[in-house]
Amino acid sequence: MPFYHKLGEIPPKRHTIFRKPNGDLYYEQLFGTIGFDGMATNMYHEHRPTQVKEVKGSYKVAPKIAIANNIKSYRFHGFKVKPEKDYLDSRKAVLTNSDCTIILAAPTTSQDAYFYKNADEDELIFIHEGSGKLRTHLGNLDFKYGDYLLIPRGTIYKMDFDTSENRLFIVASRRPIYTPKRYRNWFGQLLEHAPFCERDIRRPEELETYNEKGDFLMKVKKQDEIFDMVYATHPFDVVGYDGYNYPYAFSIHDFEPITGRVHQPPPVHQTFETDAFVVCSFVPRLYDYHPQAIPAPYNHSNIDSDEVLYYVDGDFMSRNDIDKGHISLHPAGIPHGPHPGAVERSIGKVKTDELAVMVDTFKPLQVTEEAMQIADDDYHKSWLE
Ligand SMILES: [Fe+2]
């Protein structure tokens with residue numbers, strides 16, 4: 001997150017002597033992205049963070065593609081993804097391109113046996129069902145229904161769930177995920193017209209520090225392969241850090257909708273941006289207040305972006321027969337719009353309770369084999385009169 005955060009103990013100057021109570025030195029590490037140009041954090045470890053004992057092996061996790069070049073609109077039944085015990089096994093890639101992968105997951109148990117690090121991608125995890133604690137080497141974040149968790153690439157983490165009922169919608173991004181540039185001033189501060197502000201962004205406040213030696217299994221994702229690495233010291237051994245690169249949480253319920261006299265375009269819902277896709281939040285709001293306004297969206301052409309809508313809650317006005325956990329995919333190259341009857345139904349309505357997350361990608365998405373198992377293959381005909 002592009003604002004300064006400090007947690008734990010750090011020395012007054014970077015790259016200077018910082019000793020433990022017993023006189024030994026702490027081990028400094030710069031944790032950053034985009035070479036030395038992006039956001040970075042300076043942290044101090046109990047032990048060298050480089051103590052690899054063993055690389056036990058690896059396995060491939062690249063999504064299996066069913067449709068490489070897709071022109072059909074699809075609906076996927078996200079809640080039909082089967083719950084699985086293990087967090088990583090439970091993650092099912094449904095849509096993917098070279099910039100990002102959209103994943104559904106229903107893990108039933110906390111991640112006890114290993115630490116996880118995604119070296120390929122930033123992860124944006126939307127909590128649809130469930131609650132718990134995201135534990136990271138840079139501190140912890142409690143999460144519950146409606147939270148987005150932004151986990152920068154390289155963050156070592158564990159997911160602790162309160163119960164076995166969890167539904168996650170995840171966007172793994174090879175491009176760094178930021179808040180929209182147009183909502184930030186030249187110092188990076190969120191502006192008055194932004195739909196959220198710094199107070200809505202929850203930073204890690206609780207730092208777990210373990211000074212332990214042993215065998216610590218870390219699963220590291222790199223180039224779509226997971227490597228089982230054994231480290232000689234506990235991965236959560238940071239005593240303090242400061243900087244801009246750390247995980248944070250933002251609740252969709254804290255997104256303040258921007259409304260108007262006539263229909264507002266999707267960018268008013270934008271919450272996150274990358275140079276390859278945007279993420280938008282559709283939240284309960286008042287409808288357009290021009291006396292002749294049509295609240296339903298007009299037909300529009302996705303000529304150069306694929307539109308993915310993940311339906312979270314409420315009644316989604318522009319669609320017929322849409323339920324919680326459904327995903328609609330409206331691909332680039334063809335127009336899409338409200339279902340028959342939706343425009344008429346929307347006239348005179350004053351508000352909506354809909355809650356949804358949208359991902360618009362600038363490169364086409366490929367449909368995976370996992371997605372086809374939960375696909376509605378007739379959805380593309382659902383506008384026929
Ligand atoms: Fe659309």
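Modeller: Below, we go through the labels one by one.

Modeller: First, the ground rules: this is a predicted model, where local features need pLDDT of at least 70, side-chain atom pairs count only at pLDDT 80 or more, and totals for chains, interfaces and linings use all residues. Residues are numbered from 1 along each chain as its sequence is written, and side-chain values use heavy atoms, with hydrogens and water left out.

Colleague: What makes His 300, Glu 307 and His 336 the residues that coordinate the iron ion?

Modeller: A donor is an N, O or S atom within 2.8 Å of the metal (3.2 Å for Na, K and Ca); water is not among the atoms, so sites may look incomplete. Here NE2 of His 300, OE of Glu 307 and NE2 of His 336 lie at 1.9 to 2.2 Å, so they count as donors. Their spacing along the chain is H-x6-E-x28-H. Glu 307 sits in strand β25 (residues 306-313) and His 336 in strand β27 (residues 334-336), 29 residues apart, so this pair links distant parts of the chain. Strands here are DSSP runs of E, at least two residues long, numbered from the N terminus.

Colleague: Why are Glu 307 and His 336 called buried?

Modeller: Buried means under 20% relative accessible area, exposed over 50%, and partly exposed in between (1.4 Å probe, protein chains only). Glu 307 has 6%, so it is buried, and His 336 has 5%, so that residue is buried too.

Colleague: And why does His 15 count as exposed?

Modeller: Because its relative accessibility is 56%, His 15 falls in the exposed class. His 15 is in the loop between β1 (5-8) and β2 (27-32), and its phi is near 60 degrees, a positive value in a residue other than glycine.

Colleague: What makes the largest nonpolar core a core?

Modeller: The name is for a set of buried Ala, Val, Leu, Ile, Met, Phe, Trp, Tyr and Cys residues joined through side-chain atoms within 4.5 Å. The largest has 50 residues, and those with the most contacts inside it are Phe 76, Leu 95, Tyr 148, Phe 169 and Val 357. This core draws at least three residues from each of domain 1 (53-61 + 81-206 + 245-252) and domain 2 (256-381); domain bounds come from an automatic or database domain assignment.

Colleague: How do you know that domain 1 and domain 2 are in contact?

Modeller: Contact means heavy atoms within 4.5 Å, and 36 residues of domain 1 meet that condition with 39 residues of domain 2. The area buried between domain 1 and domain 2 is about 3200 Å², with carbon and sulfur atoms giving 66%. Buried area is the accessible area (1.4 Å probe) that two parts lose on being put together, summed over both.

Terms used: Helices (H or I, at least four residues) and strands (E, at least two) are DSSP runs, numbered from the N terminus.
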